[in-house]
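The following questions and answers examine a single protein chain, moving from its overall make-up to individual side chains.

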Amino acid sequence: MNMPTEIQTIHDGDGKPAFVVLPYDLFMRRYVHNDGLIPQSVLSARIDGDSAIKAWRQYFGLSQAVMAEKLGISQPAFAQLENAKRPRRQSMQKVATALKIGIEQLAI
């Protein structure tokens, strides 16, 4: 019996698996940021002077308004948090949780 699954396999002309298609959220949860690594684009943004929060937000392609909504705060409040020189640890933890990354990944 075939059961529905989130992951789909695309076969080539010979019937061999060629590609796997999976929902983006599942990909991010399983394969990207669970290992504590930091993407090159995030590091580059930090070197260019962006805050870690801004660098990660942009990496995920999120607007300040979307991040503010995830955190339950206003967009101006998020902008202030994003540009803070030394955000509170509690705020950093909330951002990390919203982005589904480890807080240590924001401490770069």
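Q: How many helices and how many strands make up the secondary structure of the chain?
A: The model is a predicted one. From the N terminus on, its elements run β-β-α-α-α-α-α-α-α. The secondary structure of the chain therefore comes to seven helices and two strands.

Q: What percentage of the residues of the chain count as buried?
A: A residue is called buried when its relative accessible area is under 20%. Applied to the 108 residues of the chain, this gives a buried share of 31%.

Q: Among contacts between residues at least 6 apart in sequence, what percentage join residues at least 24 apart?
A: Contact here means heavy atoms within 4.5 Å. Of the contacts in the chain between residues at least 6 apart in sequence, those that join residues at least 24 apart come to 38%.

Q: Which residues of helix 3 are buried?
A: Helix 3 spans residues 52-59. The cover over its buried residues includes helix 2 (40-47), helix 4, helix 5, helix 6 and helix 7. The buried residues themselves are Ala52, Ile53, Ala55, Trp56 and Arg57.

Q: Is the aromatic pair of tryptophan 56 and tyrosine 59 stacked or edge-to-face?
A: A search of the whole structure finds three aromatic pairs. In the pair of tryptophan 56 and tyrosine 59, the rings lie 5.7 Å centre to centre with 85° between the planes. Planes over 60 degrees apart count as edge-to-face, so this pair is edge-to-face.

Q: Where do tryptophan 56 and tyrosine 59 lie, and is each buried, partly exposed or exposed?
A: The two residues both lie in helix 3, three residues apart, about one turn of the helix. Tryptophan 56 has a relative accessible area of 0% and is therefore buried. Tyrosine 59, with a relative accessible area of 31%, is partly exposed.

Q: What angle lies between the planes of tryptophan 56 and phenylalanine 60?
A: Both tryptophan 56 and phenylalanine 60 are buried. Their rings form a stacked pair, 5.9 Å centre to centre, and the angle between the planes is 25°.

Q: Which residues do ring pairs link into a cluster?
A: Tryptophan 56 pairs with tyrosine 59 and also with phenylalanine 60. The cluster linked by these ring pairs is Trp56, Tyr59 and Phe60.

Q: Which residue follows helix 3 with a positive phi?
A: The phi of this residue is near 70°. The residue that follows helix 3 is glycine 61.

Q: Which residue forms a salt bridge with arginine 57?
A: The structure holds two salt bridges. One joins the side chains of aspartate 50 and lysine 54 at 3.8 Å, N to O; lysine 54 is partly exposed at 25% relative accessibility. The other, at 2.5 Å, N to O, joins arginine 57 to glutamate 82.

Q: How many residues apart in sequence are the parts that arginine 57 and glutamate 82 tie together?
A: Arginine 57 is buried, with a relative accessible area of 8%, and glutamate 82 is buried at 2% relative accessibility. Arginine 57 lies in helix 3 and glutamate 82 in helix 5 (residues 75-83), so the parts tied together are 25 residues apart.

Q: Is helix 4 roughly parallel or roughly perpendicular to helix 6?
A: Helix 4 (residues 64-71) and helix 6 (residues 89-99) pack with their axes 10 Å apart and at an angle of about 105°. Angles of 65 to 115 degrees count as roughly perpendicular, so helix 4 is to helix 6 roughly perpendicular.

Q: How many nonpolar residues does the contact of helix 4 with helix 6 have?
A: Met67, Lys70 and Leu71 in helix 4 meet Lys94, Val95, Ala98 and Leu99 in helix 6. Two of the residues in this contact are charged and none is polar, which leaves the nonpolar ones at five.

Q: Which residue has a positive phi although it is not a glycine?
A: Most residues other than glycine have a negative phi. The residue in question lies in the loop between helix 6 and helix 7 (103-106) and counts as exposed at 53% relative accessibility. With a phi of about 60°, it is lysine 100.

Notes. Residues numbered from 1 in each chain as written. Predicted model: local features only at pLDDT ≥ 70, side-chain atom pairs only at ≥ 80, totals over all residues. Heavy atoms only, no water. Axes fitted to C-alpha atoms, helices over the stretch in contact; angles between N-to-C directions. Helix = DSSP H or I, 4+ residues; strand = E, 2+ residues; numbered from the N terminus. Parallel < 35°, antiparallel > 145°, perpendicular 65-115°, else oblique. Phe/Tyr/Trp six-rings, centres within 6.5 Å; stacked < 30°, edge-to-face > 60°. Buried < 20%, exposed > 50% of the residue type's maximum accessible area, 1.4 Å probe, protein only. Salt bridge = Lys/Arg side-chain N within 4 Å of Asp/Glu carboxyl O.
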